[in-house]
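Here is a friendly briefing for anyone about to look at cavities, pockets and ring packing. Please have the sequence and the model open as you read.

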Amino acid sequence: MMERRKKIALELSELVVYCRPVPFDEEKIGTERACYRDMSSFPETKAEKYVNKAKGKKFLQYNRLQLSRIYPKGQRLDSSNYDPLPMWICGSQLVALNFQTPDKPMQMNQALFMTGGHCGYVLQPGTMRDEAFDPFDKSSLRGLEPCAICIEVGLRGGIGAALQELSSGDRDGVLVNDWGRGTGLNLSLRKI
């Protein structure tokens, strides 16, 4: 059977191509040659060369206009995962993980997408779109208020007594420990 070819308006045809896979070209970042439709793919080992103090800001600039897709290296035969956080703070939009492995990176991924209401995407904070933001320089976060996290864990039975010895004090039935000191994490254990 012979296939019929239909003529399609060029304007309509151009709407179909959302992303164009291209090799990553560091020289195009911030120039007129950079195109919003370009998407580059990186194994985690190659991405790690760009998500560091030396090149992180440049990679974030790339990700403000173009798409990057990061995927686990092929040598992960045990289906373990790499840390997605450096990729996220450098603006990578598609960070693939091995979903069959419920490790810490997968838990971080699930927690991130819970903030978006499980809708499948999370908007980047406005801070990351600011030219002054440097993903590896805390001083670029001036003007932002740090948030304190308080975790309370209820204990039953003899566990509370064992942890009593580890705690630095007992105030009104709340065991306060020093595990989170200096991190902004306040962990309090309450006897039930």
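On a 1 Å grid over the protein atoms alone, a cavity is a set of points where a 1.4 Å probe fits but cannot get out, while a pocket is an open set with protein on both sides within 12 Å along at least five of seven lines; lining residues have an atom within 4 Å of a point. This is a predicted model, in which local features need pLDDT of at least 70 and side-chain atom pairs count only at pLDDT 80 or more, while totals for chains, interfaces and linings use all residues. Residues are numbered from 1 along each chain as its sequence is written, and side-chain values use heavy atoms, with hydrogens and water left out.

**Overall picture**

- The protein chain has 7 helices and 8 strands; these are DSSP runs numbered from the N terminus, with helices (H or I) of at least four residues and strands (E) of at least two.
- Of the 192 residues in the protein chain, 31% are buried, where buried means under 20% relative accessible area, exposed means over 50%, and partly exposed lies in between (1.4 Å probe, protein chains only).
- Among contacts (heavy atoms within 4.5 Å) in the protein chain between residues at least 6 apart in sequence, 53% join residues at least 24 apart.

**The cavity**

- The structure holds 1 cavity of 30 Å³ or more, and about 40 Å³ of space lies in the largest cavity.
- For these volumes, grid points are joined across faces, edges and corners, and the volume is the space filled by probe spheres set on the points.
- The lining of the largest cavity consists of V22, P23, F24, D25, K28, S40, Y62 and Q66.
- By class, this cavity lining has 4 nonpolar, 2 polar and 2 charged residues; Ala, Val, Leu, Ile, Met, Phe, Trp, Tyr, Cys and Pro count as nonpolar, Asp, Glu, Lys and Arg as charged, and the others, Gly among them, as polar.

**Core and rings**

- The largest nonpolar core has 16 residues, and those with the most contacts inside it are F24, F42, F59, I70, Y82, M87 and V95.
- Such a core is a set of buried Ala, Val, Leu, Ile, Met, Phe, Trp, Tyr and Cys residues joined through side-chain atoms within 4.5 Å.
- Helices α3 (56–65) and α4 (85–89) are the elements that give two or more residues to this core.
- Leaving aside neighbours within four places in sequence, F42 is in contact with F24, A47, Y50, F59, S68, R69, I70 and Y71.
- A search of the whole structure finds 8 aromatic pairs, meaning rings of Phe, Tyr and Trp (its six-membered ring) with centres within 6.5 Å; planes under 30 degrees apart count as stacked, over 60 as edge-to-face and the rest as tilted.
- One of these pairs is F24 with F59, which is edge-to-face at 6.0 Å centre to centre and 80° between the planes.
- F24 lies in the loop between β1 (20–21) and β2 (38–43) and F59 in helix α3, so the pair ties together parts that are 35 residues apart in sequence.
- F24 counts as buried at 13% relative accessibility, and F59 counts as buried at 1%.
- F59 also forms a stacked pair with Y62, at 5.9 Å centre to centre and 5° between the planes.
- F59 and Y62 are 3 residues apart in helix α3, so about one helical turn separates them, and both are buried.
- Ring pairs link F24, F42, Y50, F59 and Y62 into a cluster.

**The largest pocket**

- About 820 Å³ of space lies in the largest pocket.
- Of its 24 lining residues, W88, S92, L112, V122 and Q124 are the closest to its centre.
- The elements giving two or more residues to this lining are α4, β4 (94–95), α5 (104–114) and α6 (126–129), and α5 gives the most, with 4 residues.
- The lining of the largest pocket divides into 16 nonpolar, 6 polar and 2 charged residues.
- Q124 is found in the loop between α5 and α6 and counts as partly exposed at 26% relative accessibility.
- Q124 and S92 are 32 residues apart in sequence and 9.9 Å apart in space, C-alpha to C-alpha.

**The second largest pocket**

- The second largest pocket has a volume of about 190 Å³, and F133, F136 and L141 are among the residues that line it.
- Its lining divides into 7 nonpolar, 1 polar and 3 charged residues.

**A backbone detail**

- S79 has a positive phi of about 60° although it is not a glycine.
- S79 sits in the loop between β3 (67–71) and α4, and counts as buried at 18% relative accessibility.
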